[in-house]
Structure formats: C-alpha cells, structure tokens
Amino acid sequence: MVHELRPSEYESVRSLFQPLRFHLSSAAVLDGNNPGQVFVDDPDGPQSAFMLSPEGGYLAGDPDNRSFVRALHRAIVVEGVLGEEVHVLSLVVHPARWRGQLSTLLDPHTPSEMRRRHYVCRRVRYDWRAHLPDGCTVRRIDRRLLDMDQLSVPDHVTGWMVNNWGSAERFLEGGFGFVTLCAGEVASWSLTDCVSGDGCEIGIRTAPAHRRRGLATLTAAAAVEHALAHGFAMVGWHCPEENRGSIGTAEKVGFLRERDYVAYYAMLDEQQSSS
C-alpha cells in the first residue's frame with residue numbers, strides 16, 4: 001500500500017531523505033516552506049518513501065520494498081495521483097539501488113538518465129556592479145516592483161513564484177529575487193527555488209533578446225550577495241552537465257562544484273506503442 005502523509009507527519013521521513021538534502025527542495029517541503037506531496041509504505045514506521053517537490057521527485061529509503069514499488073507505480077502511472085499538470089517526472093534517488101526499480105515503477109514509460117552538477121557558493125567572486133551595462137539597473141523583487149504599471153513582468157517570474165512557493169505572497173514572505181532592468185524591460189531574473197535553515201537554492205533566467213551580455217552572471221551574483229548578507233551560509237545551484245552556459249555562470253559568480261549526480265526522467269504523458 002501507499003499512504004500520503006499529512007504535513008504534520010512529515011518529520012517521520014526526514015531521516016530517510018537526509019542523504020538527499022543536497023537537493024534543498026526536499027528539506028524545504030518537509031519544513032513546510034514549499035508545497036509538495038510525500039508517500040510512504042507505512043505511516044507508523046516508514047521504510048520507503050517518495051516525495052514530489054516543485055523541483056522534482058525523490059525516492060528514499062529501502063529500494064527492495066517491492067510491494068511499495070508496485071503500489072507507487074499504480075498510484076503514479078495508473079491513478080495519476082500526482083495530477084494532470086505533471087507531464088515529466090524527474091527523479092533523484094538514494095540509495096543508488098533504486099535505479100533497478102525504475103522500470104517497474106514507471107512502466108510502460110522508459111526513464112532516461114541525465115548527468116547533473118550541484119554547486120554551492122559561500123562567497124561571491126564577481127563584482128556585478130562593475131559589469132552593469134549603461135542603462136541597466138538591478139532591483140530586488142518586491143510587491144512594489146510587481147505592481148508597477150509601466151513594467152511588464154514576465155509570466156515566467158510569477159509562474160516561478162507560484163510553482164515553487166504556492167503563491168507570490170509566500171515567495172515575497174519567505175524567499176527573495178532580483179531582476180536586471182534594461183531600457184525599461186526585465187532582461188534577467190534570479191529567484192530562490194527554496195529555503196531550508198541557513199541554506200537556499202537559486203535559479204537564473206534571461207530573456208532571449210538580452211542574452212550573451214553577461215546579465216545572468218551579474219543578476220545571479222546580486223542574488224547570492226543578498227543571501228549571504230542576510231543570514232544564509234550557503235547558496236545552492238543545480239544544472240545539467242551539458243549546460244555550459246549555466247556552468248559558466250555559476251563558476252563566474254563563485255559557486256564551487258560540490259558533486260555530480262544522476263537524475264532520471266520519464267514522460268508520463270507520452271503515447272505508448274500498443275504493438
């Protein structure tokens with residue numbers, strides 16, 4: 001059987017997900033900072049668990065619990081317990097033996113592997129003010145900025161807040177973000193994905209028309225600078241191994257490579273062959 005835990009029961013699985021805490025989103029869900037779902041084999045003494053966070057899914061605990069794997073397969077693939085909006089399921093697992101269960105868990109969908117990097121920054125090494133182009137300014141995201149009539153805030157910014165935090169209000173209360181404005185446009189933006197304890201993780205996005213100007217680096221540097229000056233001891237960053245742009249941005253800012261890991265992806269809405 002599979003049981004979905006109530007938020008008040010999340011503490012019972014914290015030790016199972018502890019090895020995955022380098023994905024801070026997993027801890028943020030357990031803290032109640034980010035929305036999510038947690039499923040276990042036994043709510044009174046969980047040995048195997050699955051979490052869906054805004055940043056993806058996590059499998060933890062005993063990977064040899066075949067009854068849990070079969071029941072979780074039914075819940076995810078057959079019953080659609082994750083909701084119609086989850087079209088692509090990404091998974092990070094611990095221990096690695098979970099890999100052997102993925103074909104059963106996701107059947108008939110075939111998981112693919114993606115090598116990823118995890119970076120951490122504890123000191124900014126990039127002077128973003130010295131690289132700010134003429135006509136551009138860096139602003140913290142707050143209610144005043146979001147409500148500016150003369151500024152068109154990209155849907156990606158507001159969607160990021162809602163997806164990761166549940167609402168813009170919760171983001172403004174518990175997270176932070178910065179934008180670079182150029183000629184009256186939001187050219188680049190960096191927001192917190194999640195917060196847990198004295199750590200946070202951020203992401204970065206630049207509008208296509210403003211790319212290759214170094215704006216991602218300076219916007220991310222401003223966000224990290226703010227975090228480290230306001231009580232955070234570390235800032236995390238995740239990116240695919242082949243995303244050289246993201247890697248270059250992180251390393252210019254001052255992020256140091258902590259680890260490499262594998263994520264698994266499956267298209268839950270793909271049409272399967274009936275032959």
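This report describes the overall form of one predicted protein model and then looks at some of its parts.

## How to read the model

Because this is a predicted model, local features need a pLDDT of at least 70 and side-chain atom pairs count only at pLDDT 80 or more, while totals for chains, interfaces and linings use all residues. Residues are numbered from 1 along each chain as its sequence is written, and side-chain values use heavy atoms, with hydrogens and water left out.

## Overall form

The secondary structure of the protein comes to nine helices and 12 strands, where helices (H or I, at least four residues) and strands (E, at least two) are DSSP runs numbered from the N terminus. Along the principal axes, the C-alpha atoms fill a box of roughly 60 × 45 × 35 Å. The radius of gyration of the protein is 20 Å, which agrees with the value near 19 Å that a compact globule of 275 residues would have; this radius is taken over C-alpha atoms, and the globule rule is 2.2 Å times the number of residues to the power 0.38.

Of the 275 residues, 51% are buried, a word that here means under 20% relative accessible area, whereas exposed means over 50% and partly exposed lies in between (1.4 Å probe, protein chains only). Among contacts (heavy atoms within 4.5 Å) between residues at least 6 apart in sequence, 72% join residues at least 24 apart.

## Surface and charge

The protein exposes about 13,200 Å², and carbon and sulfur atoms supply 47% of this area; accessible areas come from the Shrake-Rupley method with a 1.4 Å probe, and for residues only the protein chains shown count as cover. The protein has 28 positive and 35 negative charges, and their mean positions are 7 Å apart. In this count Lys and Arg are positive and Asp and Glu are negative, while His and the chain ends are not counted; the place of a charge is taken as NZ of Lys, CZ of Arg, CG of Asp or CD of Glu.

## Helix H2 and its surroundings

Helix H2 (residues 24-31) is mostly covered, since seven of its eight residues are buried, namely Leu24, Ser25, Ser26, Ala27, Ala28, Val29 and Leu30. These buried residues pack against helix H1 (14-17), E2, E3, strand E4 (56-61), E9 and E10. Just after H2 comes Gly32, with a positive phi of about 90 degrees.

Gly45 lies in the loop between strand E2 (37-40) and strand E3 (48-53), and at 28% relative accessibility it counts as partly exposed. Although Gly45 and Ser12 are 33 residues apart in sequence, their C-alpha atoms are 7.6 Å apart in space.

## An aromatic pair

Rings of Phe, Tyr and Trp (its six-membered ring) pair if their centres lie within 6.5 Å, and planes under 30 degrees apart count as stacked, over 60 as edge-to-face and the rest as tilted. By this rule the count comes to five aromatic pairs. One of them is the tilted pair of Phe176 and Phe232, with 5.9 Å from centre to centre and 45 degrees between the planes. This pair links distant parts of the chain, 56 residues apart: Phe176 is in the loop between helix H7 (168-174) and strand E8 (177-182), and Phe232 is in the loop between helix H8 (215-229) and strand E11 (234-240). Both Phe176 and Phe232 are buried.

## Backbone details in loops

A cis peptide bond joins His94 and Pro95, with omega about 0 degrees, and Pro95 is in the loop between strand E5 (88-94) and helix H4 (102-106). Another cis peptide bond joins Asp107 and Pro108, with omega about 10 degrees; Pro108 lies in the loop between H4 and strand E6 (112-121).

Ala183, in the loop between E8 and strand E9 (185-196), has a phi near 50 degrees, a positive value in a residue other than glycine, and this residue is exposed, with a relative accessible area of 72%. Arg212, in the loop between strand E10 (199-206) and H8, also has a positive phi, near 65 degrees, and is exposed, with a relative accessible area of 88%.

Ser90 is in strand E5 and counts as buried at 15% relative accessibility. Not counting residues up to four places away in sequence, Ser90 touches Glu55, Gly56, Gly57, Tyr264 and Tyr265.

Leu268 is found in the segment after strand E12 (256-267). With residues up to four places away again left out, Leu268 touches Ile76, Val86, His87, Leu89 and His109.
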